[in-house]
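Trainee: I have a model open and want to learn how to read it. Where do we begin?

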Amino acid sequence: MCNTIRMELYKMFRMQAFWVITLITILMVAVSASFLVSDIEENTTSEVTLVDGPSSSQADEESDDATTLQFGINESSEGMDANNLQVLQVFMAHLSSGMFALFNVIFLIIFVTADQKNGYIKNIGCQVKRRYRLIVAKWVAAAVYVLVFDAIMLATQVVALVATQGYLHWGSAQTYLPCIGIQMLLQYAFLVACMTLTMVIRSRALGMTAGVCLSMGMASLLCMLIDVASRRFLHIENLQLENYLITTKINLIVPGVAGTQIRNAVILAVCYLAVMTVLSIINVEKRDLA
C-alpha cells in the first residue's frame, strides 16, 4: 500500500500540469491581492448607495436577484477592512469563491485520466492483490495535493499582501482556522466526487466539463430548476436540493456560523467521501484491466 501511494505521489508531482496550473493560480492570487482594496472600497460605496436609494424594497429585490443569478468565481469581500486586511480572512474568501476548486478539479481530472493513456493502471492493477488499494492511493495523493496546493497559495497570498499593502496581519487563528479546515474538507470531498465521476464515465472531456461547471455554480441552477418543477408538477413543497451541494456548504461556512451548520457540513462531506469511494472501488474492481 505504501509503495502504491509513493508511486502515485511521485507521478503526480512530476506532471507538467501540476506546475502549470500552480503557476497560473499563483498569478491570479497575486493579481487579486493588488485589486483587493479597490474592490472593498467599491463594494462599500455600492452598499451605501443601496441604503440611500429611492426604494429600499426595490434595492433588496435587486440584491436578491443578483445573488441568485451569480455564477463563476465570486470572491466576497464582505466584512473586510481595506485598512486592515487579514491573511486568514482573505484566504478563506479565496476558498469559498471556487477559484481553488476550479483549478484543483482541472488538475486532478488530468491526473486520474493520465493512467488511461500510459497503461499504468493496467500494469499496476494486474500486480496488486486488492485493487481497492489503487483507489486509496489516489485519494491519499489527492489529499496531499490539496494540502500542498493550499499551502503554496497561502504563502503566495502572504507575499502578495506584504508587497501590496506593506504590512502583515494574520487575523484570529481561533476564528478562521476552524472554518478554513472545514472548507478544505468540503473542497476535498467535492474533488473526490469529480474524480469518481470521471473514472466512471472514462472520459476526460466530459469529466472536465462537468467538474468545471459544478465548481462554477451550475449545480445550483439545476437544483433550483428541479425544485421549481417539483413544486409545480409533483406538488412537493420545501424541496431545497441546493442544501445538499458541497459548494453550497462551502459558502455557508463563515466565522460565527451555528454549530448545527458545521456538523451538517462535516456529515455531508463524510457521506460524499464514503459514497464516492465505494463507487470508485466497485468501478475499478469490475474494470477489465487485461
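**A helix pair and a pocket**

Mentor: Two packed helices are described by the angle between their axes and the distance between the axes. Here α8 and helix α9 (residues 204-215) pack at about 155°, with axes 8 Å apart. That makes α8 roughly antiparallel to α9 (angles over 145 degrees count as such). Axes are lines fitted to C-alpha atoms over the stretch in contact, and angles run from 0 to 180 degrees between N-to-C directions. Helices are DSSP runs (H or I, at least four residues), numbered from the N terminus.

Mentor: This is a predicted model: local features need pLDDT of at least 70, side-chain atom pairs count only at pLDDT 80 or more, and totals for chains, interfaces and linings use all residues. Residues are numbered from 1 along each chain as its sequence is written, and side-chain values use heavy atoms, without hydrogens and water.

Trainee: Which residues of α8 and α9 make the contact?

Mentor: Contact means heavy atoms within 4.5 Å. From α8 come F190, C194, L197, T198 and I201. From α9 come R204, L206, G207, A210, G211, L214 and S215.

Trainee: Which residues line the second largest pocket?

Mentor: A pocket is an open set of points on a 1 Å grid over the protein atoms alone, where a 1.4 Å probe fits, with protein on both sides within 12 Å along at least five of seven lines; lining residues have an atom within 4 Å of a point. Here the lining includes F190, C194, L197, L214 and Y272. Its largest share, four residues, comes from α8.

Conventions:
Helices (H or I, at least four residues) and strands (E, at least two) are DSSP runs, numbered from the N terminus. Angles under 35 degrees count as roughly parallel, over 145 as roughly antiparallel, 65 to 115 as roughly perpendicular and the rest as oblique.
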